[in-house]
Amino acid sequence: MIVTVGNTKGGVGKTTLALNIAIARAMLGKEVWLIDGDRQKTSLTAISIRSDSGKKPEIACANYSDGRTLLSQVKLQQPKFEDIIIDVGGQDSSAFRAALMITDVLIVPIQPRSFDVWSLENIGVLIGEARSVRNGLRTCVLLNLADPGKSLDNVQAIEILKNIGELEYINTIICKRKAFSNAAGQGLSVLEVKPPDKKAVEELKTLLFAVYSE
């Protein structure tokens, strides 16, 4: 299964989500490949830190910011892996468009701020173009880096997200917690940090169930 975490807007926490998803799947014994489709190579850097520390399970990772290279490499390497996680975005890039041609599930993380929510119009255009040439693309959106609790920003954003035709709203809120950023800085998932942040762990597990159990 190929899952892409992407947004044409930067700063929405996509890399942290992609890293957590990839590690969580590897912890289940899956053969996982994390593809960094961003020129900044943040996912690749995190996995390098993880590798240098000797942390298990090991995660295969590569950086392909060029769309043609990403497509060709996935087609070549896909039989080796049970799960492929692609981290793309921050802009309308060739890597993002390429990922939409091959992914099974697109996860779009959004911060609960009006500017972030309304930026989804650009994503909708890309999804529409992808669906015009392929079938079977599931597209999901969720609140990420959200305010803890039922803030007005969260409530208003959810109402908007529930009514965007191109995107399925995942009823999972990932809050802005130090556990996520601290773990990512060490190349870890919140599932691995001791002592665990129980709320962060529960949020991640809820997202994983929504993506992989349907």
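The side chain of Thr139 makes a polar contact with the side chain of Arg131, at 3.1 Å. A polar contact is a pair of N or O atoms within 3.5 Å, where within protein one must be able to donate a hydrogen and the other to accept it, and residues adjacent in sequence count only if both atoms are side-chain atoms. Thr139 sits in strand E6 (residues 138–146). Thr139 counts as buried because its relative accessibility is 2%; buried means under 20% relative accessible area (1.4 Å probe, protein chains only).

This is a predicted model, in which local features need pLDDT of at least 70, side-chain atom pairs count only at pLDDT 80 or more, and totals for chains, interfaces and linings use all residues. Residues are numbered from 1 along each chain as its sequence is written, and side-chain values use heavy atoms, leaving out hydrogens and water.

The structure holds two aromatic pairs. Rings of Phe, Tyr and Trp (its six-membered ring) pair if their centres lie within 6.5 Å; planes under 30 degrees apart count as stacked, over 60 as edge-to-face and the rest as tilted.

| Pair | Type | Centre to centre | Between planes |
|---|---|---|---|
| Trp33 and Tyr64 | edge-to-face | 6.2 Å | 85 degrees |
| Trp33 and Phe81 | stacked | 5.2 Å | 20 degrees |

Trp33 lies in strand E2 and Phe81 in the loop between H3 and strand E4 (83–89), 48 residues apart. Helices (H or I, at least four residues) and strands (E, at least two) are DSSP runs, numbered from the N terminus. Trp33 is buried, with a relative accessible area of 4%. Tyr64 is buried too, at 15% relative accessibility. Trp33, Tyr64 and Phe81 form one aromatic cluster.

Note on methods. Buried means under 20% relative accessible area, exposed over 50%, partly exposed in between (1.4 Å probe, protein chains only).
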